[in-house]
Amino acid sequence: MGYIFVIIFDLFSITLYISISIFFVTKISKHDKENMNSFYINFILGCILNTLEVMKSILFVIFPRLSMLVSFCSSDVACYMIGYLAHPLTFSSSLNCLCLSLSKSIALYWPVFFKNKWLFWNTRINLIITVILPMAVFSYLIGFKAKFIYNEEYEGYAYTTGQPKLTEKGNIICLIFSTIILFLQISINICNFYQIKKKVSFSMNEYRANVIIVIYCSVLTIGIILNTIIFWIKHYAFLYNHSFKYLASTFRAFSSLISSTCEPYLLLLINKRIRNDYIRYYLRKIRKKDDKKVKCVTIILSNFLLLFANMSLILYICIITFELFSLIIYISIGIYFLSKISKSKKEMMDSFYITFIVGCILNTLEMVKSIIFVAFPSLSLFLSFFDSDASKYIIAYIGYPLTFASALNCLCLTMNKSIALFWPFFFKHKWSLWNIKVNFIVSVLIPFVVFSYLIGHKDRLLYDTNIDGYVYSSETTELSRASNTIAPIFSTLILSFQIILNICNIFQIRKKPANTIIEHKATVYIVIYCVLSTLSIIIISTRFWIKYYGAFYNPSFRNLGQTFGIFSSLVSTTCEPYLLLAINKNIRQDYIRYYFKRTKRVQSIVVSIHIHTKV
């Protein structure tokens, strides 16, 4: 079911990508004064490369997994194509992000050269970096034929090299190449931010345009980070732990979804001017249609695009819907784990279930806080309630602690696994007595104690012109500065502890073999889950550092911090149930069986009652 969703989302995203590229083609000759031609050309080239990457992912990764088009995928043509093009196409997408950042860097550091000569070199350099360079790096694969085999672990078909030495060589080149690209991307983005901050000769419109594009390039770095993580996982799986192969393969399918399809959504979300011009362009095209047969379709599309123009409304509706849906899944897993606590003492999984249930409660409160105190005021709903003193006192104190409670619960999960790996005797016989108490102290008491200085203070409800809605702000500048200093330091400490514990857990798994293969797999799955849940802490930490930078150095970043806060809260609170079900096959199957049996029981009871009433 997950792969069908990926295919539908991929095709929709590519349609959107192509429509934006067509719009940019019409703008290339009209906007020389704004120096945006190079950006349009880079985006169009990225559209072509990402379309090829998505088609490759669907045809050669997802279809074989679903046992579709097996005769074509097993043919010599397909095996030779995927043998050579797999890696170059993946890296072309990452290198295109690098080209976008490089183009912006040249515009900021050498504006005269950029304005007069860069357009001549732009397409050539783009083709060299994004097409020729990856093909040259992986030229040793020319003439290589991949093997198409059935994999029992995937329950479907997959391509493989069949040669361990060639696989090892490919993994090493991929992780080195991806790490170099990531390092260059981060370095160029830092230089771009520094140059914007340093250069004061911009007009306000020019300054905003530069900041928006630099932020866009910086956010695209997430795609490169995901690709780099995949290649490091693959290398680790090949050398040390083969049980990580399935994770790398599954993670690659979903990372390809994110890295190849995120650009059009990011661009329309971040750049209001491009979004409005794009919508107006297609509205004009639709309104020119005079055919009576398409009149009804034209009205529907026009109304949809006009509604889409109010991006904030659509965005918040989608966020609220997704959070409520995630909440249902989260609570249903919590209820399922609650039923297993008394049955799983032999598996030593009770502490994991308890910590997950505590996390479910804390993340539910964080989601409710996000919907009530962030989304509703932004949509100007229930303003009389939000302007009351009670609401202002509540959000002033619980805002930060609830966010950190979610991050600290991830740390508790990792700490649980560390104790199980390093001190198994203590974990088996005594940890169950301490688990809930330690969870409560770490996840609840610590954040409320750290932000206890906010007790008795109330926030202000202000109208923000940037989001066309209301937001809460600290009562005084001193309180705001104190919170913006404590929050990034506290989040970085949590992140540091989380990374250290995860590294220790991975080394302990390698060092200490499990008693059985089943026990080893269960341990590996939970460690992988803890590693991936670190992403939510990274997002929270990034959010607070952006707010810190906006508060102390550049006020224009405050709106970015506010917007990023909404999405960081969405990701950090809703990712855990999806991660758990995606990674741990045993829990996923038992969870489905648990609710399938319950529905069957309900159906049988209803049928028996119906028969009894008839009699």
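User: How many salt bridges does a search of the whole structure find?

Analyst: The search finds 8. A salt bridge is a side-chain nitrogen of Lys or Arg within 4 Å of a carboxyl oxygen of Asp or Glu. This is a predicted model: local features need pLDDT of at least 70, side-chain atom pairs count only at pLDDT 80 or more, and totals for chains, interfaces and linings use all residues. Residues are numbered from 1 along each chain as its sequence is written, and side-chain values use heavy atoms, with hydrogens and water left out.

User: What makes Asp277 and Lys27 a salt bridge?

Analyst: Their closest N and O atoms are 3.6 Å apart. The limit is 4 Å, so the pair qualifies.

User: Where in the chain do Asp277 and Lys27 lie?

Analyst: Asp277 is in helix α9 and Lys27 in helix α1. They are 250 residues apart, so the bridge links distant parts of the chain. Helices are DSSP runs (H or I, at least four residues), as are strands (E, at least two), numbered from the N terminus.

User: Is Lys27 called buried or exposed, and why?

Analyst: Buried means under 20% relative accessible area, exposed over 50%, and partly exposed in between (1.4 Å probe, protein chains only). Lys27 has 8%, so it counts as buried. Asp277 has 22%, and is therefore partly exposed.

User: How do you know what separates Lys56 and Glu53 along helix α2?

Analyst: They are 3 residues apart in α2, which means about one helical turn. Lys56 has 7% relative accessibility, so it is buried. Glu53 is buried too, at 5%.

User: What makes Lys369 and Glu366 a salt bridge?

Analyst: Their side chains meet at 3.1 Å, N to O. Both lie in helix α12 (residues 350-378), 3 residues apart, about one turn of the helix. Lys369 is buried at 8%, and Glu366 is buried at 2%.

User: Which residues are linked in a network of salt bridges?

Analyst: Lys340, Asp590 and Arg593 are.

User: What makes a set of residues a nonpolar core?

Analyst: Its members are buried Ala, Val, Leu, Ile, Met, Phe, Trp, Tyr and Cys residues, joined through side-chain atoms within 4.5 Å. The largest such core here has 61 residues. Phe24, Phe39 and Tyr159 have the most contacts inside it. Several helices give two or more residues to this core, including α1 (2-27), α2 (37-65) and α6 (164-198). The largest share, 11 residues, comes from α4.

User: Which residues does Tyr159 touch?

Analyst: Among them are Phe60, Pro64, Cys73, Ile82 and Phe148, leaving out residues up to four places away in sequence. Contact means heavy atoms within 4.5 Å. A second, separate core of 32 residues includes Ile357, Leu413, Tyr525 and Tyr594.

User: Which residues form a nonpolar patch on the surface?

Analyst: Ile4, Ile8, Leu66, Met68, Leu69 and Phe72 do, with about 520 Å² of accessible area together. Patch residues have over 30% relative accessible area and no salt bridge; like charges are joined within 9 Å, nonpolar side chains (Val, Leu, Ile, Met, Phe, Trp, Tyr) within 5 Å. Areas come from the Shrake-Rupley method with a 1.4 Å probe; for residues, only the protein chains shown count as cover.

User: What is the mean pLDDT of the protein chain?

Analyst: The mean is 78, and 80% of residues reach 70 or more. pLDDT is the predictor's confidence in each residue, from 0 to 100. Over residues 304-309 it is below 50. Beyond near neighbours in sequence, that stretch has 14 contacts in the model.
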